[in-house]
Amino acid sequence: MTIVHTEGIFSHEVSVCKCPGSDPNDWHLDLLHQRLFPASISKPKTAFTFDVLDHFLIDALECKTSAMIFYQKLKRFTNNAFPERVPDRYRELMRVAWLWRDLKHRKWFGFGHDAGEDPGDGGLALFCPACPQPGLNLPADWKVQYDRDTIMRQYVIDGNFTAQHMKVKKPQLHVALSDGKGYMVSEGPYQSHLQQSLDSKERSTCSNHRAIHAANVGESDLGSTGVGATACA
């Protein structure tokens with residue numbers, strides 16, 4: 001089995017537990033008990049340590065390290081003279097890191113130990129206790145006790161017109177782990193909204209306004225040409 005760790009990629013002989021009462025089909029759970037995340041459930045041949053997955057998440061967050069660059073670094077740690085001789089597990093890293101990030105989010109928001117409870121829309125997003133919300137941080141007579149301007153919610157809106165996302169070649173193979181449960185809207189209602197919306201190009205009175213031009217650019221091979229965000233001020 002190929003083991004990917006923070007210090008490099010190694011090959012080890014791993015034997016399936018054949019103790020009385022053990023199920024050989026569930027030996028991927030034995031790997032998890034040893035802090036090894038298997039790349040597949042059925043007969044895994046590659047596993048990633050919990051430490052290397054945590055390191056990749058921090059590197060991607062703080063250093064903006066891509067999965068390719070991160071794995072190239074591990075290959076250098078393993079064999080600096082001939083990194084091309086190190087087994088290529090880049091695809092496995094992409095898949096496992098995706099699952100690991102989702103599991104970490106569910107654990108942080110209290111859904112990691114209860115398989116019967118599933119987070120609803122926005123259940124994996126941070127709750128803002130500063131925003132005035134009736135029934136949470138406002139008294140029952142808040143309409144009488146406060147002026148409307150005092151507890152008025154304020155929002156800021158920003159967008160990035162260069163965050164391009166390619167269309168998925170095989171949508172049936174693209175499985176969303178937390179569709180609509182974080183900060184992004186669900187794919188189904190979003191597509192329904194696009195079908196009912198009119199595509200109107202915004203005109204600018206400024207000469208060569210780059211943001212307006214970027215927003216009006218349409219590409220047939222792109223699923224989205226930008227992303228917008230709304231946050232409480």
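Modeller: Let's start at Tyr90, which counts as partly exposed because its relative accessibility is 23%; buried means under 20% relative accessible area, exposed over 50%, and partly exposed in between, using a 1.4 Å probe and protein chains only. Before going on, please keep in mind that this is a predicted model, in which local features need pLDDT of at least 70 and side-chain atom pairs count only at pLDDT 80 or more, while totals for chains, interfaces and linings use all residues. Residues are numbered from 1 along each chain as its sequence is written, and side-chain values use heavy atoms, with hydrogens and water left out.

Tyr90 has its place in helix α4; here helices (H or I, at least four residues) and strands (E, at least two) are DSSP runs, numbered from the N terminus. Leaving out residues up to four places away in sequence, Tyr90 touches Ala67, Met68 and Tyr71, where contact means heavy atoms within 4.5 Å. Take Ala67 as an example: Tyr90 and Ala67 are 23 residues apart in sequence, and their C-alpha atoms are 7.3 Å apart in space.

The axes of α3 (residues 67-78) and α4 (residues 90-108) come within 10 Å and cross at roughly 120°. Axes are lines fitted to C-alpha atoms, for helices over the stretch in contact, and angles run from 0 to 180 degrees between N-to-C directions. The angle makes α3 oblique to α4; under 35 degrees counts as roughly parallel, over 145 as roughly antiparallel, 65 to 115 as roughly perpendicular, and the rest as oblique. Ala67, Met68, Phe70 and Tyr71 of α3 make the contact with Tyr90, Leu93 and Met94 of α4. By class, these residues are 7 nonpolar, no polar and no charged. In this scheme Ala, Val, Leu, Ile, Met, Phe, Trp, Tyr, Cys and Pro count as nonpolar, Asp, Glu, Lys and Arg as charged, and the others, Gly among them, as polar.

Follow α4 to another partner, helix α2 (residues 50-62): the axes of α2 and α4 come within 10 Å and cross at roughly 85°. That makes α2 roughly perpendicular to α4. On the α2 side the contact is made by Phe50, Leu53, Asp54, Phe56 and Leu57, and on the α4 side by Leu93, Val96, Ala97, Trp100, Arg101 and Lys104. The residues of this contact divide into 8 nonpolar, no polar and 3 charged.

What about α2 and α3? Their axes come within 10 Å as well, crossing at roughly 130°, which makes α2 oblique to α3. This crossing is right-handed. Val52, His55, Phe56 and Asp59 in α2 meet Ala67, Phe70, Lys73 and Leu74 in α3, and by class the contact has 5 nonpolar, 1 polar and 2 charged residues.

Further along α4 sits Arg106, which is buried because its relative accessible area is 15%. Not counting residues up to four places away in sequence, Arg106 touches Phe111, Gly112, Asp118, Pro119, Leu124, Leu177, Ser178 and Lys181.

Thr46 is found in strand β4 (residues 46-49) and counts as buried, because its relative accessibility is 4%. The side chain of Thr46 makes a polar contact with the side chain of Arg89, at 2.8 Å; such a contact is a pair of N or O atoms within 3.5 Å, where within protein one must be able to donate a hydrogen and the other to accept it, and residues adjacent in sequence count only if both atoms are side-chain atoms. Leaving aside neighbours within four places in sequence, Thr46 is in contact with residues including Met1, Phe37 and Arg89.

To place all this in the whole, the protein chain has 7 helices and 8 strands, and of its 233 residues, 23% count as buried.

Key
Left-handed = near helix turned anticlockwise from the far one by under 90°.
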